Amino acid sequence: MSNAADHRTAHNGLPRPRSGAAAIELGARRADSGPPPAPAALPDPHGEPAGGAPVWPGSAQPLGARVRTGPGGVVGTNFALWAGGAEAVEVCLFDDDGAETRCPLTERTHEIWHGFVPGVLPGRRYGYRVHGRWDPWTGARWNPAKLLLDPYARAVDGDFGGAGVVPRPWHGPLPPEVYGHVRDWPQQHIADTVRDDRDSAPYVPKGVVVGDDDPGGPPDEWLDDRRPKTPWADTVLYELHVRGFTKRHPGIPPELRGTYAGLAHPAAIEHLTRLGVTAVELLPVHQFAHEDHLLRRGLRNYWGYNSIGYFAPHGAYAATGTRGAQVGEFRRMVRALHDAGIEVILDVVYNHTAESGELGPTLSLRGIDNRGYYRLQQDQRRYADYTGCGNTLHVVRPHVLRLITDSLRYWVTEMGVDGFRFDLAATLARSAHDVDMLSPFLSVIAQDPVLRRVKLIAEPWDVGPGGYQVGAFPPLWTEWNDRYRDAVRDFWRGALPDVRDLGTRLSGSSDLYAWGGRGPYASVNFITAHDGFTLRDLVSYDRKHNEANGEGNRDGTDDNRSWNHGAEGETEDPAVRALRRRQLRNLLTTLLLSTGVPMLVAGDEMGRTQGGNNNAYCQDNETGWLDWALLEDPGWRALADLTARLVRLRRDHPVLRRRTFFSGRAQGPDGLRDLAWFTARGTEMTEEDWYAPTAALGLYLSGRHIAQRDARGAPVTDDSFLVLLHSGPAPVDFTLPGPPWAASYELLLDTSREDQDAPPSTPHRAGSPIVLPERAVLLLRAVTATEADRKTE
């Protein structure tokens, strides 16, 4: 069908609204905008950019902007862009004053438009204008008046309508020029069909050409040899926000706070190494944009789950500048963390982009090839939304899958990261519609020689039909285990009807992960995450308090499974305060003694609060940032010390970080099992006990029967431990299991005490009762008869 025929067609029974300059004249003219420009004409396929510089054919590989030596030894940049249905593509170069030079890319190979521009060197800013049909009813939304960000840009300078682009404050609505349609068209139900022909270039950021010899250091000189390569079973994750973690740290120079360089500073790394965590999981650091509805309320996107550049470190987190220097700064941060033995895992958002639904701005992919990049509904004017964010990337399409996997490999091989946590990973696993564990995305990852070797963490759900997939991801993947979170929260607030689910979660969730060769480390155990209450707020609030987000407290979940312990929010009641701190110790101890991979959230170890806000995604302020002054309070400092002690305990004892599931069967001549559960009577749990309401139970972990060998093939053995958990409001007598489990027990930790540095108590004889305080965890080491005899000699 010809273009003319397309433009004559009416859709959905609606008359075709006017487009182009006519639409601007009718509905979009503003007093301060000046006359609208004429619609851009298609470039002359034989033309030259202003100034007379030629555009040579160049190469279709690799995609993006790459500095190369061209014919005759001439240095320049090769530009390559996949734009499947486009009619013409221009790469637009900008000088320091913002003057634009348009260079037609006349070569097309397998739908990749490409060209080599001599003399374009690192630091040069650029974007694309893509020409094609405007026919939203069939999903075609090309508009060459809109400057588009290169999906493969490795650095981005400026923001959308914000500081660094035009002289205006960062708050307030996005400029209407960044929309491909007339945003303020009076008939909003058809506004997305009316094309806006005003130039967006003054209001959008630009990609930056980055050289391969960036001062962060050539990857082949340091990345592989310096990687910590921590096994999954030995991993302790620490989720943090680059800006929020460093913004108020007194030991970091003010000019570095809130940046990659700040996280690389020795003062930041010292806290991580003192805790003993093995990996930081960084909230999104891909270039992202702020949503219009937040800017209108004087807020910004803080978390960063609104990506627009999958290769570019977010420029606002760079201390050294945004003309490519952010690449080297990020690499140096990774190097510093690796030198401290800490892996770097990125939280990545490949399920949607910042362009939102059909009423969203045109920033990149929508203007390059809307139908080629996004899942559309049968009515192609609308977007399929499995993410709750307005759009969904069409990962089944080869070029979209390539974009994602090219990005992943880039962050591993050129930026040095060690793994990824995939936001709404179920969306990526969808085939035509349904979640499919044989989907193209999961299949490509499984065979990729780079990506199959890094840490892969799934957030195993999305908001679409059948999107909840906990336990379903294939081998190679670990998963956020929200069933662990819910069971532990419910136990410590006294809301579990019995302890069946708790026992399964504490021992590695074999019901979810014991298939396909997966181990306990397939479960990422967490009690809190960035999304929801902080740990302190979990024990301080019964309900969310999100008023500062400006959405009438409607945002954020109502299913918090929290308990305020008698007072909503902060209180001066000493009994309530003491009980809350005890519960924090209980929650952290439970997490770090559980089988699986624990994930801590930055600040939970020092009592960080968000004032009851359980959806602080837009709180780029003291609400979202860590308050390092908390460590000056002896109580919160003690909590951080306890956290570090528990992490060391995991590191020193392989029985606490098993690589295989417990069998529960009798092992060896003594008939002991590798895992056993006990009632307060000192008897092993029966099926009847599992179904009965109870607040106290014991967990025996045998170090004599670990199904694991060391590097020389010798069996791994360890101490045995008894963990006693009690969520009830009154103390109970708990009879310690007798021989052959142990001859006596040595108390190592009691969460009912704030001071964990008290001298160890005398051994407790096996078979005798011990007082288990209300709402507490006791950790005891089992002393064998042989060991006891040696001590008495």
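Predicted model: local features only at pLDDT ≥ 70, side-chain atom pairs only at ≥ 80, totals over all residues.
The largest nonpolar core comprises 151 residues. Within this core, Phe79 and Phe422 are the residues with the most contacts. When neighbours within four places in sequence are set aside, the contacts of Phe422 include the aromatic residues Tyr350, Phe441 and Trp477. Phe422 is also in contact with Val348, Leu408, Leu428, Leu456, Ile457 and Ala458, as well as with Glu459.

His530 is located in the loop that runs between strand β20 (523–525) and helix α16 (535–538). His530 has a relative accessibility of 11% and is therefore classed as buried, the limit being 20%. A polar contact of 2.7 Å joins the side chain of His530 to the side chain of Glu239. Beyond four places in sequence, His530 is also in contact with Leu283, Trp303, Tyr305, Asp347, Arg421, Trp480 and Val601.

Helices α17 (residues 574–593) and α18 (residues 634–652) approach each other, with their axes coming within 10 Å and crossing at roughly 15°. Because this angle is under 35 degrees, the two helices count as roughly parallel. Their crossing is right-handed. On the α17 side, the residues that meet α18 include Leu584, Leu588, Leu591, Leu592 and Leu593, together with Arg581, Arg585 and Thr589. The α18 side contributes Gly635, Trp636, Leu639, Leu642, Thr643, Leu646, Val647, Leu649 and Arg650.

How values were computed
Residues numbered from 1 in each chain as written. Heavy atoms only, no water. Core = buried A, V, L, I, M, F, W, Y, C linked by side-chain atoms within 4.5 Å. Buried < 20%, exposed > 50% of the residue type's maximum accessible area, 1.4 Å probe, protein only. Contact = heavy atoms within 4.5 Å. Helix = DSSP H or I, 4+ residues; strand = E, 2+ residues; numbered from the N terminus. Polar contact = N/O pair within 3.5 Å; in protein donor to acceptor, adjacent residues only side chain to side chain. Axes fitted to C-alpha atoms, helices over the stretch in contact; angles between N-to-C directions. Parallel < 35°, antiparallel > 145°, perpendicular 65-115°, else oblique. Left-handed = near helix turned anticlockwise from the far one by under 90°.
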